[in-house]
Amino acid sequence: MKLIVAIIRPEKLNEVLEALYLAEVRGLTVSSVQGHGGELEQVETYRGTTVKLNLHPKVRLEIGVSEPFVERTVQILLNSAWTGEVGDGKVFVLPVEKVYRIRTGEADEAAVTPALPGEGADVH
Amino acid sequence: MDQTLLLTLAQAGPPPGSKPIDGADTAWLLVATALVLLMTPALGFFYGGLVRSKNMLNTLMMSFASLGVVGVAWALIGFSVAFAPGWAGSGGLGYAGLRGVGLEGGAWGATPHLLYMAYQGSFAIIAAALISGAVVERMRFGPYLAFIAAWSVLVYAPVAHWVWGGGWLAELGALDFAGGAVVHVNAGVAAVVAAVTVGSRKDYGKQALLPHDVSYVLLGAGLLWFGWFGFNGGSALAANGVAALAFVNTLLAPAAALTAWMLLDMLRSRKATAVGAGTGVVVGLVAITPAAGFVGPLGAMAIGALAAGPSHALISWRSRTRLDDSLDVFAAHGTGGITGALLTGVFAQAAWGGTDGLLFGNPGLVLRQLAAIVAAGAYSGVATFAILRLIALVSPLRASARDEGVGLDVVEHGEEAYASGEGAVLVLPRRRAADAAGMDPDYRRPAVHPTRMEAP
């Protein structure tokens with residue numbers, strides 16, 4: 001299994017979640033983060049003070065998936081988070097040593113997407 | 001310069017038909033003007049709390065900007081179109097540029113003409129700002145400014161003339177104490193037309209578009225109520241019993257509407273919502289506006305309670321349709337104004353200063369009220385559409401999908417409502433930046449880079 005970490009635009013989050021849901025990728029964690037990926041600086045002015053914002057709000061997704069779901073999940077992220085402008089984000093695929101589902105104590109493939117019939121995922 | 005103008009400018013002393021100034025009346029109208037002016041920032045917070053945080057400043061600015069551009073347009077020409085001597089459909093240009101608007105009392109009451117101009121101006125300002133609720137989160141700011149300036153002169157001012165400036169609805173005998181048709185039906189219909197002409201938000205109907213801060217909604221509603229005492233109480237244009245009646249009715253009708261709205265909410269979902277409470281207050285205020293000085297206090301409570309029903313039902317229904325009147329301007333102001341204007345025809349009572357209505361043996365008043373609603377609504381709809389289409393010929397009305405995604409605060413104003421300050425680099429002139437970093441200004445290297453993402 002793999003841990004897929006994606007950094008995406010906040011305004012793309014709903015589209016990405018919908019696409020993942022339709023592809024039956026279940027179980028993920030979302031956090032708000034800030035980052036910089038070479039996009040153009042955003043200039044703001046408050047009274048006489050002009051500032052360049054080097055850190056942009058982004059959303060970070062962490063998704064644990066079983067091997068057969070890795071390629072599918074990456075493709076979904078690449079398609080649904082895409083705008084074509086600098087700042088669309090990154091997808092990282094990381095190896096995972098062990099995964100446990102806390103509720104049941106299940107480990108590894110049984111603890112990540114896909115949730116097989118009868119098992120039920122923790123997060124919908 | 002023609003001779004009439006020279007004569008007007010040279011004219012000394014009070015014009016014919018002027019009245020002496022009454023101190024109490026003037027004091028009350030001064031306060032009432034300031035109260036009504038506060039309603040526009042209050043509306044900004046009411047609307048701002050209902051949008052997503054990335055559009056908070058833009059939504060506030062849509063209201064604040066009206067204080068500027070509509071205020072100027074009103075002084076330069078709007079007041080004249082509404083209140084200068086003219087014909088049944090519109091005032092003339094006699095008061096353009098405030099020519100001949102002095103400090104004497106007159107047909108409007110024993111208060112200075114100039115103060116009356118300012119009081120009416122505060123109505124024009126909020127009427128235009130009301131429309132913004134239908135186009136928030138996607139209309140571009142420049143075209144919006146052009147729209148509200150043009151709308152206040154070409155739509156608001158003529159309709160104000162019909163009812164208050166001696167125009168044809170006044171002749172017909174329709175009752176509109178403080179602007180149920182002039183302000184609320186007018187702005188409510190303009191809002192629907194604007195929502196359709198500008199188009200829906202790109203995510204409307206696909207994603208949940210939730211209020212970002214409901215506490216601002218209640219803050220705005222509370223301040224609107226406070227200001228509305230000037231809106232209705234001041235419309236007596238004197239410090240007298242009618243002002244007191246309108247004032248008390250402005251307390252009781254929203255109280256009844258708020259109570260009814262909470263009950264309707266509880267019937268629907270067992271929970272009285274805070275957004276619903278704020279909306280209920282506004283609907284009650286809108287509904288009592290045309291009736292405030294014509295009905296008794298029990299009639300006012302009946303109007304407030306009865307007005308909650310149609311607006312509550314329309315809000316529930318509208319959000320399931322494709323009409324993105326984003327903040328339900330029509331359900332609150334259009335519907336509240338229509339219900340209030342019709343119920344004015346039912347509950348108005350000669351004993352309280354109105355014309356007797358349906359309950360007191362005069363069903364004809366309801367028909368005259370209906371005529372005022374239809375006329376104001378029809379003219380507003382057609383003229384609003386024409387103004388927006390004309391502006392669209394010069395400049396697109398709505399933001400691009402990308403700008404809408406990023407949010408209009410950054411795109412239109414270059415600011416954020418809730419900036420964290422993290423990752424913000426101060427932009428200094430080149431020499432000062434070099435000094436700050438202790439560097440030779442001619443050495444080409446970026447100055448300070450707090451995120452340290454570039455090599456030192």
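Me: In what order do the elements of chain A run from the N terminus on?

Reply: They go β-α-β-β-β-β-α-β, and the tally for chain A is two helices and six strands. A helix here is a DSSP run of H or I with at least four residues, and a strand is a run of E with at least two, numbered from the N terminus. Keep in mind that this is a predicted model, where local features need pLDDT of at least 70, side-chain atom pairs count only at pLDDT 80 or more, and totals for chains, interfaces and linings use all residues. Residues are numbered from 1 along each chain as its sequence is written, while chains are lettered from A and ligands numbered from 1 in the order in which they are written.

Me: How far does the C-alpha trace of chain A span along its principal axes?

Reply: About 60 × 25 × 25 Å. Of its 124 residues, 22% count as buried. Take the contacts in chain A between residues at least 6 apart in sequence, and 73% of them join residues at least 24 apart. A contact means C-beta atoms, placed from the backbone, within 7 Å.

Me: What makes S1(A) and S5(A) a pair of strands?

Reply: Two strands pair if DSSP finds at least two bridges between them. Strand S1 (residues 2-8) and strand S5 (residues 56-65) of chain A have seven bridges and run antiparallel, so they qualify. A:Ile8 stands opposite A:Val59 in S5(A). S1(A) also pairs antiparallel with strand S6 (residues 89-95) of chain A, over seven bridges, and there A:Lys2 has A:Pro95 as its bridge partner.

Me: Which three strands form the open sheet, and in what order?

Reply: The order is S3(A)-S4(A)-S1(B), with antiparallel pairing. S3(A) and strand S4 (residues 49-53) of chain A share five bridges, with A:Glu44 opposite A:Val51 in S4(A). S4(A) and S1(B) are joined by three bridges, and A:Leu53 stands opposite B:Ala424 in S1(B).

Me: Why are S3(A) and S1(B) said to stand at the edges?

Reply: Strand S3 (42-46) of chain A and strand S1 (424-426) of chain B each have a single partner strand, so one side of each has no neighbour in the sheet. From one strand to the next, the twist averages 35°.

Me: How many residues of each chain does the contact between chains take?

Reply: 15 from chain B and 16 from chain A. On the chain B side, helix H14 (401-406) and S1 each supply at least two residues. S1(B) gives the largest share of that side, three residues. That side divides into seven nonpolar, five polar and three charged residues. Ala, Val, Leu, Ile, Met, Phe, Trp, Tyr, Cys and Pro count as nonpolar, Asp, Glu, Lys and Arg as charged, and the others, Gly among them, as polar.

Me: Why are H3(B) and H4(B) called oblique to each other?

Reply: Angles under 35 degrees count as roughly parallel, over 145 as roughly antiparallel, 65 to 115 as roughly perpendicular, and the rest as oblique. Helix H3 (residues 56-83) and helix H4 (residues 113-131) of chain B pack at about 130°, with axes 8 Å apart. That angle falls in the remaining range, so the two helices are oblique. The angle runs from 0 to 180 degrees between N-to-C directions of axes fitted to C-alpha atoms over the stretch in contact. The contact residues include B:Trp74 and B:Phe79 of H3(B) and B:Met117 and B:Ile125 of H4(B). They divide into 13 nonpolar, six polar and no charged.

Me: What makes B:Glu416 buried?

Reply: A residue is buried if 20 or more other C-beta atoms lie within 10 Å of its own, exposed if 12 or fewer, and partly exposed in between. B:Glu416 has 20, so it counts as buried. This residue lies in the loop between helix H15 (408-413) and S1 of chain B. Leaving out residues up to four places away in sequence, B:Glu416 touches A:Glu44, B:Asp409 and B:Val410.

Me: How do you know whether A:Glu24 counts as buried or exposed?

Reply: A:Glu24 has 12 C-beta neighbours inside 10 Å, so it is exposed. A:Glu24 sits in the loop between helix H1 (13-22) and strand S2 (28-35) of chain A, and its phi is near 65°, a positive value in a residue other than glycine.

Me: What makes B:Leu237 partly exposed?

Reply: Its count of other C-beta atoms within 10 Å is 19, so B:Leu237 falls in between. B:Leu237 lies in the loop between helix H8 (214-233) and helix H9 (241-269) of chain B, and has a positive phi of about 60° although it is not a glycine.

Note on methods:
Contact = placed C-beta atoms within 7 Å.
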